[in-house]
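Hi everyone, thanks for coming.

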Amino acid sequence: MGYFANAAQILIDFAFGIAIFLFVLRALLQAVRANFYNPICQFLYKITNPLLMPLRKVIPGWRRIDFAAWLIAWLLSVLKLALIYTIFGQHLGLLGLLVMALADLADFVLMLYIGIVLVRVLISFIHVERSNPVVPLIHQLSEPFMRPLRKRLPTPGGLDFSPMIVILAILLARALLIAPLIDLGMRLAQAA
């Protein structure tokens, strides 16, 4: 059972990871007001609209926050964790599962931002056509975190240390916020 359970976990993580990625990216791109006519944005809108549009009638957004997209991403995370723990024969309490899914989603977003910052650093080192639809999206997603740091940090020799500080802050947030939240979820799940 162990080999099949591990293989099933990999497949579940992969499938749900893609779905969560789509809804999180949709919410983040809406938050930074990405160009609607960008081909990547068009793809995201077409693939996520069938679930989002009916839900938005019940759960409207506020300013640039797409509550419906975040809710779907969180529910997908709940379902993913429930399936994985069921495969391994463990029963989780509902409250613990909900808290663990929140921690899982927050960790997913933080890891996504590490990837975004690293891609931005790579783009700055290699020649990438500015007409590539990924380039403006990477800049729009990373700029809200890097711009305030760039204004405050010195740039000796033209070196920008803001990506390194952003990644360090994300790693600290994972250690100081996400890990305790996961532990709380585990305690709540086992108490039920």
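R174 is partly exposed, with a relative accessible area of 28%; that label covers values between buried, under 20%, and exposed, over 50%, using a 1.4 Å probe and protein chains only. A word on the source: this is a predicted model, where local features need pLDDT of at least 70, side-chain atom pairs count only at pLDDT 80 or more, and totals for chains, interfaces and linings use all residues. Residues are numbered from 1 along each chain as its sequence is written, and side-chain values use heavy atoms, with hydrogens and water left out.

So what does R174 meet in a salt bridge? The partner is D107, at 2.4 Å from N to O; a salt bridge here is a side-chain nitrogen of Lys or Arg within 4 Å of a carboxyl oxygen of Asp or Glu. R174 lies in helix α6 (residues 162–191) and D107 in helix α4 (residues 94–125), so the pair ties together parts 67 residues apart in sequence. Helices are DSSP runs of H or I, at least four residues, numbered from the N terminus. D107 itself is buried, at 17%.

Next, K80 and D13 form a salt bridge at 3.8 Å, N to O. This one links distant parts of the chain, with K80 in helix α3 (residues 67–87) and D13 in helix α1 (residues 2–31). K80 is buried at 11%, whereas D13 is partly exposed at 32%.

Finally, E143 pairs with R150, with the closest N and O atoms 2.9 Å apart. E143 counts as buried at 16%, and R150 as partly exposed at 27%.

Conventions. Helix = DSSP H or I, 4+ residues; strand = E, 2+ residues; numbered from the N terminus.
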